[in-house]
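Me: I've just opened this one and I'm new to it. Can we walk through a few spots together?
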Amino acid sequence: MAVTGGTVTSSDVVGRSGSEQNAPGSAAGAASLGVPVRSTGHLGTPPLDASSSAGGSAAGRSSAGPSSVGATFITASSPEASAAGAAEERPRPKIALRRRLLALRRAGVLPDPAVLTERVLALPEVARATCVAAYVGMTDEPDTTELLARLRARGVRVLLPVVRADLDLDFREFGGTLVPGAMGTREPPPSATHVELGEADVIIVPALAADETGNRLGRGGGSYDRALTRTAPATPVIALLHDREILGDVPAEAHDRRVTIIVTQSRTVRPASL
């Protein structure tokens, strides 16, 4: 049976495949996130709460459509799973927050990828970069197809992640071709040049939300947090989000790597200035 989502820890799973076990089919029934939301006012979008509604849910991406790369997952053998099992009676606010954010995304609450592309390309850090690590957006993530193409057209080396057996990430140079990878992902072929993430001048990471201090909410597997330990602390880390996904507070742990730039469809912000 083909694996198209994350693997399971207890009854919770969040994979980067556009589908989630036990998640609601739409945002109509999503409860309040339980955290303050940074309201931008630019697009007139209301705070992310129980009043948000939309019909239906996003289907998983077909093999003919844009591909998934750089998945992060929780597995029963991962450190995150062990910690969860040791403290299963404690509340896990990140899991509930992920579910609610994903419900809204799958109901169509996503930023305009064309606008995000222009904003990212306009960043001075990106304009002077010769090597950029990025990812291919899933159905419930901003579509980065145009961004990757525009970067390559500039002569920038683009690195895309490859999921390792231990859920850490390797990176290969993207030459325009993707092949099926682990857990339903797509990645540059094995013949592509392996490049250490530390060579990237800028790193664009997937995120479900971020807060005013740069804390990032990912998918829960910790893949990017592990990979980012192999980069210089000063390397810019960029998250692509909807305005309403900039929250007042995101739960964080000591090992979590903060983002330094957040790009939304209406503004480009640096957490220290929020």
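Me: Which side chain does the side chain of Arg219 make a polar contact with at 2.9 Å?
Reply: That's the side chain of Asp140. Keep in mind that this is a predicted model.

Me: OK. What joins the side chains of Arg219 and Glu141?
Reply: A polar contact of 3.4 Å.

Me: And where is Arg219 found?
Reply: In the loop between strand S8 (216-217) and helix H6 (223-228).

Me: Is Arg219 buried or exposed?
Reply: Buried. Its relative accessible area is 3%, and the cut-off for buried is under 20%, so Arg219 qualifies.

Me: You mentioned S8. Which sheet order does it belong to?
Reply: The order is S8-S7-S10, an open sheet of three strands with mixed pairing.

Me: Which strands stand at the edges?
Reply: S8 and S10. Each has a single partner strand, so one side of each has no neighbour in the sheet.

Me: How do S7 and S8 pair?
Reply: In the antiparallel sense, over two bridges; S7 covers residues 209-211. As an example, Ala210 has Arg216 in S8 as its bridge partner.

Me: Switching topic: where is Asp256 found?
Reply: Asp256 sits in the loop between strand S10 (246-247) and strand S11 (261-263).

Me: Is Asp256 buried or exposed?
Reply: Asp256 is buried too, with a relative accessible area of 14%.

Me: What is Asp256 in contact with, leaving aside its neighbours within four places in sequence?
Reply: Lys94, Asp225 and Pro251.

Me: What about the neighbours, then? Which backbone nitrogen does the Asp256 side chain reach?
Reply: The one of Glu253, at 2.7 Å. The Asp256 side chain also makes a polar contact with the side chain of His255, at 3.2 Å.

Me: And what separates the C-alpha atoms of Asp256 and Gly218?
Reply: They are 9.6 Å apart, with the two residues 38 residues apart along the chain.

Me: Last topic, helices. How do H3 and H5 cross?
Reply: Helix H3 (residues 113-122) and helix H5 (residues 145-153) have axes that come within 8 Å and cross at roughly 35°. The crossing is right-handed.

Me: Which residues make the contact?
Reply: From H3, it's Ala114, Thr117, Glu118, Val120 and Leu121; from H5, it's Glu146, Leu147, Arg150 and Leu151.

Me: How do the residues of that contact divide?
Reply: Five are nonpolar, one is polar and three are charged.

Conventions. Residues numbered from 1 in each chain as written. Predicted model: local features only at pLDDT ≥ 70, side-chain atom pairs only at ≥ 80, totals over all residues. Heavy atoms only, no water. Axes fitted to C-alpha atoms, helices over the stretch in contact; angles between N-to-C directions. Helix = DSSP H or I, 4+ residues; strand = E, 2+ residues; numbered from the N terminus. Left-handed = near helix turned anticlockwise from the far one by under 90°. Contact = heavy atoms within 4.5 Å. Nonpolar A, V, L, I, M, F, W, Y, C, P; charged D, E, K, R; others polar. Buried < 20%, exposed > 50% of the residue type's maximum accessible area, 1.4 Å probe, protein only. Polar contact = N/O pair within 3.5 Å; in protein donor to acceptor, adjacent residues only side chain to side chain. Pairing = 2+ DSSP bridges.
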